[in-house]
Amino acid sequence: MRTRSFVKLVAAVGSGAVLLAGCAGGDSGGSSGDAKVIKIGTLHPLSGANAGDGTQLENGVKLGIKAINDAGGIKALGGAKLELDGGDTKGTPDTGQSEAQRLVGDGVVALVGTYQSAVSANVAAVAERNKVPFVMDISGDDAILSHGYKYSFRMQPQNSRFGTTAAQYVKAISEAANRPVTKVAYLHEATAFGTGVYQAFKAEAQKSGLQMGPEITYDAASVSDLTTQIAQVKASGANVLVVSGYYRDGVLAAKAIQTVKPALDAVVGAADGAFDQPQFPTDAGSASQGYFDVNYHFDDKSADAKAFSALYKSTYKDEARTGAALAYDSVRVIAAALEKAGSTDASKVRDAIAQTSLTPLTLSDGPIKFSDKGENSTSLPVLTQVQNGAPVVVYPQSAAVKSPVYPANPGQ
Amino acid sequence: MTGPTNAGGTVPSKDGTALRGGSRATSRLSLRHSTPLIVTGALLVVLFIAALLRSGSMGITGQALLTGIISGGVYSLLAMGLTLVFGVLDIVNFAHGAFLAVGLYITYEVAHQAGLNPYIALPVAILGLFVLGVLIQLLLLNRTMGGTLERQLLITLGLSLLISNVLLLAFGGDPLSANLKSDPGVHVFGAVANLSRVIALGGALVLAVLVFLLLERTSFGRAIRAVAASRQGAGLVGIDVRLVYAVTFGLGTACAGAAGMLIAPFTTITPTAGDQFNILAFVVVVMGGLGNVMGAVISGVIVGLVEQLGGVAIAGQSPLLGVFILFLLILLIRPQGIFGAASS
């Protein structure tokens with residue numbers, strides 16, 4: 001009796017889950033039999049801890065597909081329409097891998113994803129094995145493209161470039177303000193992301209003569225207080241703090257800095273997930289004032305980027321983040337390749353993607369151009385600073401909309 | 001169907017051992033069991049000296065000490081609810097972190113929709129989560145009481161998924177905050193902590209004392225302890241076991257709700273915000289002895305201290321390394337926990 005009611009309960013929960021899954025997959029239903037439909041598979045974390053960012057990326061893809069279809073679809077293929085085939089990675093590598101396999105089985109022409117490097121590493125292997133092009137909107141780890149993959153491409157700059165440029169930018173703006181860096185303390189989360197950016201920063205710092213202070217690490221998944229770590233920064237006597245972490249821990253760091261008040265000229269994020277986000281000043285309050293971050297960013301001067309932001313806001317009632325633009329551009333890259341190849345044959349599409357030349361919505365050194373390894377060689381990390389409650393691009397001058405305030409006296 | 005007679009009869013041996021732990025649960029700490037506590041205290045002193053030598057600065061070590069005590073207070077509050085539910089109901093509650101997240105969102109709603117000070121949400125969170133817990137116990141878990149452990153474990157696991165995804169549906173995945181208007185630093189012997197964190201520690205201590213008084217000094221607390229000792233015997237002397245179960249589970253979730261409210265002013269609020277505490281809360285519960293409420297309170301502070309001092313002493317690693325080394329040692333040498341009953 002009790003067993004039976006338990007079975008009933010499991011059945012009820014199970015059918016609920018199926019219903020939910022049905023809702024989530026709702027976009028992908030419909031005319032798969034139609035020859036004039038080309039499916040693009042997406043792999044983003046739509047549930048779990050990164051669901052907020054995953055949704056932004058997924059929305060970017062949706063807007064990209066809509067823009068291509070509204071402009072007449074793929075003309076070289078008789079006006080064929082693009083269609084989204086969505087997958088939820090839940091933020092875990094094994095789910096990402098099995099979803100990638102499913103989408104490949106569905107006959108998608110290309111994959112877009114995944115926000116997390118660990119997930120992308122698995123998806124890239126699936127893409128390579130099945131010879132399906134994979135365009136990474138966000139995923140920074142250098143190692144993903146170090147295996148000589150032919151079918152994977154990356155839109156954002158890889159992690160090591162953030163570390164290197166962060167060191168260059170710190171040196172440049174501190175010297176321009178006549179306020180030399182005496183010592184750099186580095187706070188980073190302890191996985192491949194934080195460690196990778198730190199090592200690139202350190203290598204460049206040693207080359208350019210920046211004095212490195214302590215390296216302080218923490219566990220991003222479990223940390224709930226960074227006061228002790230910031231006390232270590234204060235005791236080290238460093239006047240610049242560089243941080244590489246995610247959103248939640250970035251807010252914790254900012255609050256701890258405001259409490260401990262170390263004598264810093266600047267806090268600079270190197271690919272930090274918090275300091276360049278539009279909601280960071282809301283969540284960290286006055287503690288966010290003056291924070292720098294080296295990251296990819298919207299091209300604020302481009303009319304297309306402005307139109308995209310406005311469209312995103314009116315469609316989803318939310319501010320677009322730069323990641324959404326990278327996802328949008330990923331779809332444009334695939335669509336342009338389909339147009340150029342005049343075919344949905346995977347190897348032809350792959351070759352066409354490799355020859356992409358397309359002006360992105362994000363700041364760059366010219367049109368998107370993939371290197372032999374699949375890295376977007378023209379992507380440009382820029383320096384943002386929180387000024388009057390909003391992050392704005394302040395360096396390099398070619399991209400800047402405001403000038404940097406240095407020393408920024410963070411947390412004072 | 002789920003009456004005490006049947007339940008006790010189906011799994012007598014398992015019940016027997018669990019209940020002995022349970023009765024220990026709510027009894028006062030006795031000095032006879034304090035040797036492991038002295039050893040742990042000595043370990044903390046060693047860790048403190050190691051941190052001092054490694055950092056070469058009293059400022060950093062003092063800061064680690066203060067931060068450890070304060071974050072340990074939050075662990076204590078969370079673990080207290082978890083261990084109470086285990087000691088009395090024999091349920092390993094995997095939804096505890098999800099209940100904490102509900103507390104966070106209640107605080108967010110009070111702070112943003114009503115525009116009030118977040119601390120006004122404390123009674124709302126405690127009451128709301130208490131009612132939620134009672135309902136879940138009465139409608140869902142009560143049907144499975146006395147059954148196998150994995151049955152309830154799976155239900156609570158399912159509940160945690162359900163709760164975090166309902167929150168995702170209602171609030172979206174983007175981070176939210178419920179900051180205080182002003183959150184100045186409080187200085188203690190050269191170390192500093194935010195006012196909100198000091199309040200969280202104070203709140204956790206007050207609630208721990210209240211739960212202790214409820215269990216030890218009230219007749220309903222005696223009924224709870226009676227059910228923990230023997231549900232069959234308690235039923236025979238006229239205690240409404242169903243009611244005790246429901247109220248105890250409600251108390252457990254109310255602890256999670258209170259913890260959620262107290263940490264809301266310095267936490268980024270997301271549907272999965274509770275998950276990061278789940279593993280640590282279980283570590284604290286096992287260290288304190290499964291079912292031992294005061295053991296959980298003290299273990300919470302120990303874990304907080306080891307995390308912070310260990311993070312300074314063993315630099316370049318995750319601060320949790322020290323916690324898990326200690327946890328492994330305890331599992332190997334004293335599996336019943338620092339304050340658990342002597343092994344039979």
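Helices here are DSSP runs of H or I with at least four residues, numbered from the N terminus, and a helix's expected span is 1.5 Å times one less than its number of residues. This is a predicted model, where local features need pLDDT of at least 70 and side-chain atom pairs count only at pLDDT 80 or more, while totals for chains, interfaces and linings use all residues. Residues are numbered from 1 along each chain as its sequence is written, and chains are lettered from A in the order in which they are written.

First, select residues 303-316 of chain A. That's helix 10: 14 residues reaching 20 Å from first C-alpha to last, close to the 20 Å expected. Now pick out Ala305(A), Phe308(A) and Tyr312(A), which are buried (20 or more other C-beta atoms, placed from the backbone, within 10 Å of a residue's own; 12 or fewer counts as exposed). Down the axis of helix 10 of chain A, the buried residues fall within an arc of 55° (taken from the directions from the axis to the C-beta atoms), so they line one face. The face turned away carries exposed residues, including Lys313(A) and Ser314(A). Just after this helix, Lys317(A) has a positive phi of about 50°.

Next, hop to chain B and select Val209(B), in helix 8 (residues 195-217). Buried or exposed, is Val209(B)? Exposed, with 11 other C-beta atoms within 10 Å.

Terms used: Helices (H or I, at least four residues) and strands (E, at least two) are DSSP runs, numbered from the N terminus.
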